[in-house]
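Biologist: I'd like to go through this model with you and ask what stands behind each label. Can we put it up first?

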Amino acid sequence: MKLYPLQFEPILKERIWGGTKLKTYLNKPISSNITGESWEISTVENDVSIVANGFYKGKSINELINEFPDEILGTKAYKKFGKQFPLLFKYLDAREDLSIQLHPNDELAKKRHNSFGKTEMWYVMQADENARLIVGFKEKSTPEEYLKHLNNKTIVDILDTKKVKQGDVFFLETGTIHAIGAGIVVAEIQQTSDITYRVYDFDRVDANGNTRELHIDLALEAINYETVDAQKYYSKNENLSNTIVDCRYFTTNFIPLNGAVKVNKNQNSFTVYMCVDGSFELKINTEIFYYQKGDTVLIPAALTNFELSGSASILEIYIS
């Protein structure tokens, strides 16, 4: 067995709100003008990532985890989540506004869908001028007020909008009503779940004239009607891991790489690097691996000593 940094074939998703920036900005091999998502590492059923590089090219991530659970996941992550890879990594391109939506917590998701809930975070990689996100309510709401505005198609009036720029981060607890606005590219880190409750879609129709399914009844019990403080502010000290989010599901750090950094870690967890700007090299012994903006790489937990070098902005994610 010889493990090495693993990259995966992107799983590309057409979306009614998608565009072409995943190709022009992140160099993804899209063939459609409405590509909204690139799933970088996934074990969601029917969307399981396939290794794109090295000796294990062509194998699925699930096959590798089944064969080497401790070595891939790490002793702590394996104990916590079993052989289920606990996170899903994506890049999203919103040419238009996404639907207004939310995600259930673990308890509801388990009961209703036999799934994890969906706690997630966004790192804004690119934002057009005046681009905005919707995150939570402007003021504390109630189911009655929410339904009244939903029925009157004025739901946006009671939701909190945030103007965004490159480098902004938002952490979304389950139950938070939200939407990515038009003109934004984000890196998304989330629990392994594809459960979304869509509550308002601006009355859009697809190419065949069909509207998308709404989940108004399911959402009613899942919504957090309190206001939320979702935006995260973080340090940007060069060549250090600056913590952005540290929650029960994942820790995400920001590394402004300028030069070379030696990494010495334990075998508790895998590490994922998402290159959100620039380019860098990763050196293990005498082997060198190259990454650029838009690349995502999984470092198996068994790899504990290596060096990063280059000029890049990197998200570093692991289970703590």
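Biologist: Where is His103 found?

Modeller: His103 is in the loop between β6 (100–102) and α5 (106–113). Those names come from DSSP runs, numbered from the N terminus: H or I over at least four residues is a helix, E over at least two is a strand. Before we go on, this is a predicted model: local features need pLDDT of at least 70, side-chain atom pairs count only at pLDDT 80 or more, and totals for chains, interfaces and linings use all residues. Residues are numbered from 1 along each chain as its sequence is written, and side-chain values use heavy atoms, with hydrogens and water left out.

Biologist: Why is His103 called buried?

Modeller: Buried means under 20% relative accessible area, exposed means over 50%, and partly exposed is in between (1.4 Å probe, protein chains only). His103 has 2%, so it counts as buried.

Biologist: What makes the link between the side chains of His103 and His178 a polar contact?

Modeller: The rule asks for a pair of N or O atoms within 3.5 Å; within protein, one must be able to donate a hydrogen and the other to accept it, and residues adjacent in sequence count only if both atoms are side-chain atoms. The two side chains make theirs at 3.3 Å.

Biologist: And Val44, why is that one buried?

Modeller: Val44 sits in strand β3 (residues 43–44). Its relative accessibility is 12%, so it counts as buried. Leaving aside neighbours within four places in sequence, Val44 is in contact (heavy atoms within 4.5 Å) with Trp39, Leu88, Thr192, Ser193 and Asp194.

Biologist: Trp39 again! What is said to lie over the face of Trp39?

Modeller: Lys13, at 4.6 Å from the ring centre. A charge sits over a ring if NZ of Lys or CZ of Arg is within 6 Å of the ring centre and within 35 degrees of the ring normal, so a Lys can qualify.

Biologist: What makes the pair of Phe85 and Phe270 tilted?

Modeller: Their planes are at 35°, with the centres 4.7 Å apart, so the pair is tilted. Phe85 and Phe270 are 185 residues apart, and both are buried.

Biologist: Which residues have the most contacts inside the largest nonpolar core?

Modeller: Phe85, Tyr123, Phe250, Tyr273, Leu298 and Leu315, in a core of 63 residues. β17 gives the most to this core, with 8 residues. A nonpolar core is a set of buried Ala, Val, Leu, Ile, Met, Phe, Trp, Tyr and Cys residues joined through side-chain atoms within 4.5 Å.

How values were computed
Phe/Tyr/Trp six-rings, centres within 6.5 Å; stacked < 30°, edge-to-face > 60°.
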